[in-house]
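Here is a short briefing to read with the structure open beside you. It starts with confidence and then moves through the fold, the core and the charged pairs.

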Amino acid sequence: MTARNASSDLEVWIDQDLCTGDGICAQYAPEVFELDIDGLAYVKPPAADGREAELLTAPGATAPVPLPLLRDVIESAKDCPGECIHVRRAADKAEVYGPDAVADPADVS
């Protein structure tokens with residue numbers, strides 16, 4: 001794996017019950033988000049160079065946030081019309097970006 005695929009201590013998941021299928025997230029970070037055949041967005045984990053990432057379609061599935069894509073993932077959560085993108089710390093599951101954020105967004109460590 002390359003440095004681009006190295007993940008931070010954050011993970012992201014999408015609540016498909018709230019997803020509007022606008023695809024804004026996939027425009028911001030296509031390496032992390034993808035629309036499936038059902039028209040809803042799902043997350044995918046980082047993939048090794050030259051490989052396709054597997055779309056995680058199980059409810060509540062999480063994917064690590066690649067550090068180089070952190071800003072794009074955060075912007076996706078902010079701009080999502082369905083308010084369905086949740087970014088949280090992997091260690092304690094505290095949401096730091098998204099509709100249920102409990103931490104100061106400046107404190108993502």
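The mean pLDDT of this predicted model is 87, and 86% of the residues in the chain reach 70 or more. Residues 1-7 are the stretch to treat with care, with pLDDT below 50. That stretch still has 20 contacts in the model beyond near neighbours in sequence. Where pLDDT is low, the predicted coordinates should not be read in detail.

**Overall fold**

- The chain holds two helices and six strands, and from the N terminus on they follow the order β-α-β-β-β-α-β-β.
- The chain has 109 residues, and 41% of them are buried.
- Taking contacts between residues at least 6 apart in sequence, 51% join residues at least 24 apart.
- The accessible surface comes to about 5900 Å², and carbon and sulfur atoms account for 49% of that area.

**The nonpolar core**

- The largest nonpolar core has 23 residues, and the members that touch the most others are Val12, Ile14, Phe33, Val73, Ile85 and Val87.
- Two or more residues of this core come from each of β1 (7-14), β3, β4, α2 (70-79), β5 and β6 (95-97).
- Helix α2 gives the largest share, four residues.
- In soluble globular proteins, nonpolar side chains tend to be buried together.

**Arg88 and its surroundings**

- Arg88 sits in strand β5 (residues 85-89), and its relative accessible area of 18% makes it buried.
- Which residue forms a salt bridge with Arg88, the closest N and O atoms being 2.6 Å apart? The partner is Glu11, which is buried as well.
- Glu11 belongs to strand β1 and Arg88 to strand β5, so this pair ties together parts that are 77 residues apart in sequence.
- Lys93 joins Glu11 and Arg88 in a network of salt bridges.
- Beyond four places in sequence, the contacts of Arg88 include Asp9, Leu10, Trp13, Thr62 and Val96.
- Thr62 lies in the loop between β3 (41-43) and β4 (63-66) and is partly exposed, with a relative accessible area of 27%.
- Among the residues Thr62 touches, not counting those up to four places away in sequence, are Glu11, Trp13, Leu56 and Arg88.
- Val43 is another contact of Thr62; the two are 19 residues apart in sequence, with their C-alpha atoms 6.8 Å apart.

**Other salt bridges**

- Five salt bridges turn up in a search of the whole structure.
- Side chains of opposite charge can pair when their charged atoms come close.
- Within helix α2, Glu75 and Lys78 are three residues apart, about one turn of the helix, and they form a salt bridge with the closest N and O atoms 3.9 Å apart.
- Arg89 is buried, with a relative accessible area of 17%, whereas Asp92 is partly exposed at 44%.

**Backbone angles to check**

- Most residues other than glycine have a negative phi, and most peptide bonds are trans.
- Which loop holds Glu83? Glu83 is in the loop between α2 and β5, and its phi is positive, near 45 degrees.
- Glu83 is exposed, with a relative accessible area of 52%.
- Lys93, in the loop between β5 and β6, has a positive phi of about 65 degrees although it is not a glycine.
- Lys93 is partly exposed, with a relative accessible area of 44%, and it also takes part in the salt-bridge network with Glu11 and Arg88.

Methods. Residues numbered from 1 in each chain as written. Predicted model: local features only at pLDDT ≥ 70, side-chain atom pairs only at ≥ 80, totals over all residues. Heavy atoms only, no water. Buried < 20%, exposed > 50% of the residue type's maximum accessible area, 1.4 Å probe, protein only. Contact = heavy atoms within 4.5 Å. Areas by Shrake-Rupley, 256 points an atom, 1.4 Å probe, with all protein chains shown as cover. Core = buried A, V, L, I, M, F, W, Y, C linked by side-chain atoms within 4.5 Å. pLDDT = per-residue confidence, 0-100. Salt bridge = Lys/Arg side-chain N within 4 Å of Asp/Glu carboxyl O.
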